[in-house]
Amino acid sequence: MVFAKNKAGIILASALIVAGALLSSCNKTPGYGRRTAAKPGKASPTTGAEYSFDANDSSNFVVTRLAKQEIGPNLKFIQGGRAVLGSQEQDVMAFRDNAERTVTIASFFMDETEISNNDYREFLFNMKKKVSADSIKKLEPAEGVWGGVLSYNDVYDTYYFRFPGFNFYPVAGVSWVQATTYAKWRTEFISNLVRERNELDSSLTKNQLIERGVAFAEYRLPSEAEWEYAAKAMIGVQYMDENQEFGRIYPWDGRGVRNPYNVKRQGKQGDFLANFKRGRGDYAGIAGSRTNDGEIIPTNVYDFPPNDFGLYNMAGNVNEWVQDVYRPLSYQDFDDLNPLRKDGIFDESDTYGTTLIDDNYRVYKGGSWRDMAYWLAPGTRRFIHQDSATNHIGFRCAMISIGADGK
């Protein structure tokens, strides 16, 4: 009798354990853990279907393990954040077109240097395989931007772009349209290199390449806000908390154009920090003085110390094209997150009564070898027609930061 009761108890307990296990298995979601781009798991947490990790597989759902965004050469990471943009210098030109305002800029990448003559010649060489000779002619830097009726600068028309001694000087004589074309070519060219390096099927579409993490985010001209934010590099005046100890007029500390330190900025105290025009008729200073900039025309894109983001020549050397259409009142109209003016909406050109303002006029920034120190301040802005080219405007590219490492 006792044995029968014990046996019944054992059977009941076993049944309860089995039932509990069944209920637990029905109610418990499979443990996939925290999924990230680098650790997506082996199967979908919503369907249970197994992922394919073969990049050349076009018949199954492919997931790519991506620890971090792959970026192209020559780019520096610009960590985004809140910023006060606008002119912090006295508005001596009375333009009143860049009043201070607080905005937030998303993280992005930017070329550490201006695009050089060598870089641009590589572009032309590769474009010859794709377009006609007439089209190549339209992409070449404009002839005659150096020459003048009352000067002997014509020699630079012949030698500046092509002579090896100027290989790593910033390209000049390039319009906004040409700079934009270069950025599009660069995106395609580097994406193809990465595809070939990873031995991926050439029939994969652009979207499939993006999904596999091998198509780069697009190279493009930076927005005016991105350019100004990167040039000021206020990260260099921030220390233990969110307070920034002082503002900046230029891409460096202090109110002047000389190095105020003995070691910072990779130069001696008193050295010039940019290549600019010191005064009427003075492009370089007196020969032999080590504290003069010594550069009469543009110089090597790596000359002069980088700012706190690691970007060279964000003031002086050559001005730089940005994406934005010019309007005097952009600072009033901009969104406060990633501001950009794509066209004249909310500030139509016909309200100004001048042919110098329409949607074909683009902003350029930064000052150049032939500009006075006032234009070195990142908050200053000027504009010119997008098809125009001069001997003092070049460009550099930017790229959006997509996602964050480990997320």
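1. Contact here means heavy atoms within 4.5 Å. Helices (H or I, at least four residues) and strands (E, at least two) are DSSP runs, numbered from the N terminus. This is a predicted model, where local features need pLDDT of at least 70 and side-chain atom pairs count only at pLDDT 80 or more, while totals for chains, interfaces and linings use all residues. Residues are numbered from 1 along each chain as its sequence is written, and side-chain values use heavy atoms, leaving out hydrogens and water.

2. What covers its buried residues includes β4, α2 (117-127), α3 (133-139), α6 (206-211), β5 (319-325) and β6 (361-365). Buried means under 20% relative accessible area, exposed over 50%, and partly exposed in between (1.4 Å probe, protein chains only). Among the buried residues of α5 are Trp 176, Tyr 182, Trp 185, Ile 190 and Arg 195.

3. For the 22 residues of α5 (residues 176-197) that gives 32 Å, and the end C-alpha atoms are 32 Å apart, which agrees. After α5 comes Glu 199, with a positive phi near 55 degrees.

4. Have a look at Arg 186, which lies in α5. Arg 186 counts as buried because its relative accessible area is 7%. Leaving aside residues up to four places away in sequence, Arg 186 touches Pro 73, Asn 74, Asp 111, Ile 115, Tyr 219 and Cys 397.

5. Next, the packing of α2 on α5: the angle is about 70 degrees and the axes are 11 Å apart. That makes α2 roughly perpendicular to α5 (65 to 115 degrees; under 35 is roughly parallel, over 145 roughly antiparallel, the rest oblique). Axes are lines fitted to C-alpha atoms, for helices over the stretch in contact, and angles run from 0 to 180 degrees between N-to-C directions. The contact includes Tyr 120 and Phe 123 of α2 and Tyr 182 and Trp 185 of α5.

6. Now the sheet. Three strands form an open sheet in the order β1-β4-β9, with antiparallel pairing; strands pair if DSSP finds at least two bridges between them. At the edges are β1 (75-78) and β9 (398-400), each pairing on one side only.

7. Three bridges join β4 (residues 108-111) to β9, and Phe 109 has Met 399 in β9 as its bridge partner. Helix α7 (residues 224-232) lies across β1, β4 and β9, at about 75 degrees to β4.

Note on methods: Expected span 1.5 Å × (residues − 1).
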